[in-house]
Amino acid sequence: MQRTFEGALHVCCTYEARHMVASDTHPTERDAVLAKQRELLARCFHPTGGWTEFPRPETIPSLVGYFEEQAARYADRPAVSYAGCVLTYDQLNRAANRVAHALIEARSADPEPIPMLMHTSVDMIVALWGILKAGKFYVSLSPFDPPARRAQVLHDLGARVLITDAENHETALAVAGERHIFPIAALCDAGPDHNLKLEIAHDAYAYIIFTSSSTGQPKGVIVDRGDVLFFTRIAVNSFHLCPEERQGIIGALSFSGPAPQIYGGLLTGGCLCFYDLHRQSERAMAAWLRNERITYASSVPSVFRRLTQIVGPDERFPDLRLIGIGGDRLYREDLERIQAMMESDGIIRHHLGMSEVKYLTLGFWGREMRSDTPVVPVGHPVEDTEIRIVDEEGHEAPPGEIGEVWVKGRYMSPGYWRRPDLTARAYARDPANPDLRICHTGDLGMIRPDGALLLTGRADAQVKLGGQRVELSEIETALRAAEGVSEAAVVARQTGGSELIVHAYVVPATGARLSVAALRRQVAERVPAYMIPARIALLDALPLNNNGKTDRRALVPIGDERPPLEMPCVAPRTPVEASVAAIWREVLSLDTVGIYDRFLELGGQSLQATRIAGRILDAFLVDLPAGSLFNTPTVAEIAALIVQQQATLIDPVDVERLLAALEATDRTDDIRDIA
């Protein structure tokens with residue numbers, strides 16, 4: 001049903017009224033918050049002023065059928081855009097149909113997991129819808145995960161096929177085993193392209209996302225199609241998404257975070273625009289937001305934190321009406337910096353969500369609003385969702401008291417793939433209504449006097465690293481599995497900014513000769529890059545408490561000394577190398593960096609890579625994607641790349657001087673032979 005700006009006011013008012021949780025919260029504060037939220041929701045519209053209300057999931061025959069209706073209605077409008085490649089709704093739908101027909105011809109229409117090993121691209125969205133249309137469910141494998149992790153996920157899935165793109169074909173061959181590999185280009189280019197019209201129930205699986213687990217092995221969170229329709233309804237009706245929307249999704253599509261934006265955009269006729277920080281320069285993100293005329297951008301807090309550091313004090317994004325932030329803590333200073341770069345009518349949406357329950361709470365912030373706590377509250381429960389704060393005995397905690405956050409509702413993950421033990425621990429049926437389920441989130445929080453939820457930490461050993469939920473015990477497991485390791489403990493510590501980094505404390509086995517660099521290489525074979533400890537210390541023994549357990553409070557923070565590496569520390573030889581080394585020292589918080597030190601061996605991670613790329617652009621006017629730190633991982637190699645690129649930008653009279661500098665940088669010597 002099409003709604004106008006005025007017609008949505010009633011929806012906004014009733015939305016807030018049914019989202020309040022604690023009836024005994026202070027009415028004055030609660031009413032003031034409700035009034036402000038009403039005002040923000042009433043202006044949270046695209047300039048066209050219209051939107052299409054998304055129906056309740058039970059009234060929609062099928063997820064795929066609803067998408068096909070939008071594809072027919074908006075056939076000639078752009079649906080997806082990435083790096084200059086654009087598909088209309090008709091092109092996307094027809095390409096997805098060809099994928100679905102090919103999968104059914106090869107594998108029948110029975111439900112099964114279909115892994116995708118692909119980079120962010122329009123083809124990834126084609127594969128996603130093709131898998132859903134074939135009655136199957138997708139699993140996105142990150143090209144940046146270590147081979148051992150991909151192999152473990154494929155083994156757990158029991159998948160018999162794998163879809164990949166040209167860039168990852170060799171990688172797919174290495175992990176496929178007897179599985180059949182489908183190149184996405186071949187699937188899209190041939191075969192019938194008409195809709196299949198399969199009858200697929202809401203409780204059929206849509207996708208599985210693998211997350212960190214305390215067992216040391218990734219666990220698969222199942223999301224069914226009814227849940228997809230529900231969180232799409234929340235996104236569309238809360239943010240008033242419309243066909244004129246240009247949604248900017250910043251970050252890799254292999255994580256669960258972008259799912260509401262993907263479905264919210266493509267089930268309303270909007271256009272999805274992707275920006276992959278692994279392969280695109282972070283510095284160019286501001287220009288991308290303007291050039292693509294993004295109206296709604298979403299990502300984790302660290303991405304927008306960096307964006308505020310890149311843009312000038314007077315820079316604005318005139319088309320950007322809404323910024324969506326989730327996946328990690330949002331700090332008061334972050335909120336204020338993001339507000340400063342938005343237009344006066346811009347709105348920031350902050351939410352609490354997880355792979356198991358995509359939206360628990362929503363909070364809206366205007367440019368003029370300020371948080372009264374260092375960590376920004378995550379708002380109020382969404383439609384048909386109840387939040388409870390529970391103490392250690394399982395009793396409801398009084399308002400203002402800290403406890404574990406439990407969420408009750410109809411739409412949430414059915415559980416974990418082939419892990420009934422984990423499912424039983426995390427979920428329970430509501431004794432008063434068996435149609436409702438309760439999920440134990442593991443988050444600690446409290447209900448404020450205004451009824452909003454404020455998060456205070458985790459009840460377990462999980463933390464957020466790079467926007468991803470991580471079990472510290474999984475990192476410890478990877479360390480203990482490394483050759484020559486007797487014991488290991490890890491602690492997440494906050495940096496001078498607002499990110500957490502992992503400090504690891506390792507006890508070598510008797511007689512073992514361990515090096516920090518070799519240890520990092522072994523860990524990198526087992527966990528993704530964002531889980532590799534940034535700091536590693538080798539100890540004779542771990543400190544113990546009176547009960548004989550590891551006393552993590554006694555583990556001293558690891559300082560800023562350059563870690564002991566296999567490569568001697570070689571000083572810079574040229575001004576370019578000296579400047580690059582200085583940037584690395586500052587970003588990595590190290591006292592010394594040698595020109596042959598490798599980025600990962602120094603504890604470098606993806607967020608730091610994006611900062612270094614931005615600093616290099618500022619210093620040399622050379623735009624290097626953050627991935628350069630992984631492909632050309634030393635100061636010497638980065639310096640050579642800078643000189644090569646600068647040679648294409650300068651007057652011919654300066655080329656001879658730069659070539660001389662490059663020759664000096666490339667010069668081999670006794671130290672290089674050591675590598």
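1. Ground rules. This is a predicted model, in which local features need pLDDT of at least 70 and side-chain atom pairs count only at pLDDT 80 or more, while totals for chains, interfaces and linings use all residues. Residues are numbered from 1 along each chain as its sequence is written, and side-chain values use heavy atoms, with hydrogens and water left out.

2. Helices α3 and α5. The axes of α3 (residues 63-73) and α5 (residues 122-133) come within 9 Å and cross at roughly 130°. That makes α3 oblique to α5. For the terms, helices (H or I, at least four residues) and strands (E, at least two) are DSSP runs numbered from the N terminus. Axes are lines fitted to C-alpha atoms, for helices over the stretch in contact, with angles from 0 to 180 degrees between N-to-C directions. Angles under 35 degrees count as roughly parallel, over 145 as roughly antiparallel, 65 to 115 as roughly perpendicular, and the rest as oblique.

3. Who touches whom there. L63, V64, F67 and E68 in α3 meet W129, L132 and K133 in α5, where contact means heavy atoms within 4.5 Å. By class, this contact has five nonpolar, no polar and two charged residues.

4. Salt bridges around E112. The whole structure holds 35 salt bridges, each a side-chain nitrogen of Lys or Arg within 4 Å of a carboxyl oxygen of Asp or Glu. E112 pairs with R107 (3.0 Å, N to O) and also with K136 (3.1 Å, N to O). E112 and K136 are both buried, whereas R107 is partly exposed at 28% relative accessibility. Buried means under 20% relative accessible area, exposed over 50%, and partly exposed in between (1.4 Å probe, protein chains only).

5. A strand-to-strand pair. K408 in strand β19 (residues 403-409) and D430 in strand β21 (residues 427-430) are 22 residues apart, and their closest N and O atoms are 3.4 Å apart in a salt bridge. K408 is buried at 17% relative accessibility, and D430 is buried at 8%.

6. A network to look at. Salt bridges link R56, E58, R233, E383 and D384 in a network.

7. A loop aspartate. D145 sits in the loop between β6 (137-141) and α6 (147-157) and is buried, with a relative accessible area of 17%. Leaving aside neighbours within four places in sequence, D145 is in contact with R150 and P528.

Technical notes
Ala, Val, Leu, Ile, Met, Phe, Trp, Tyr, Cys and Pro count as nonpolar, Asp, Glu, Lys and Arg as charged, and the others, Gly among them, as polar.
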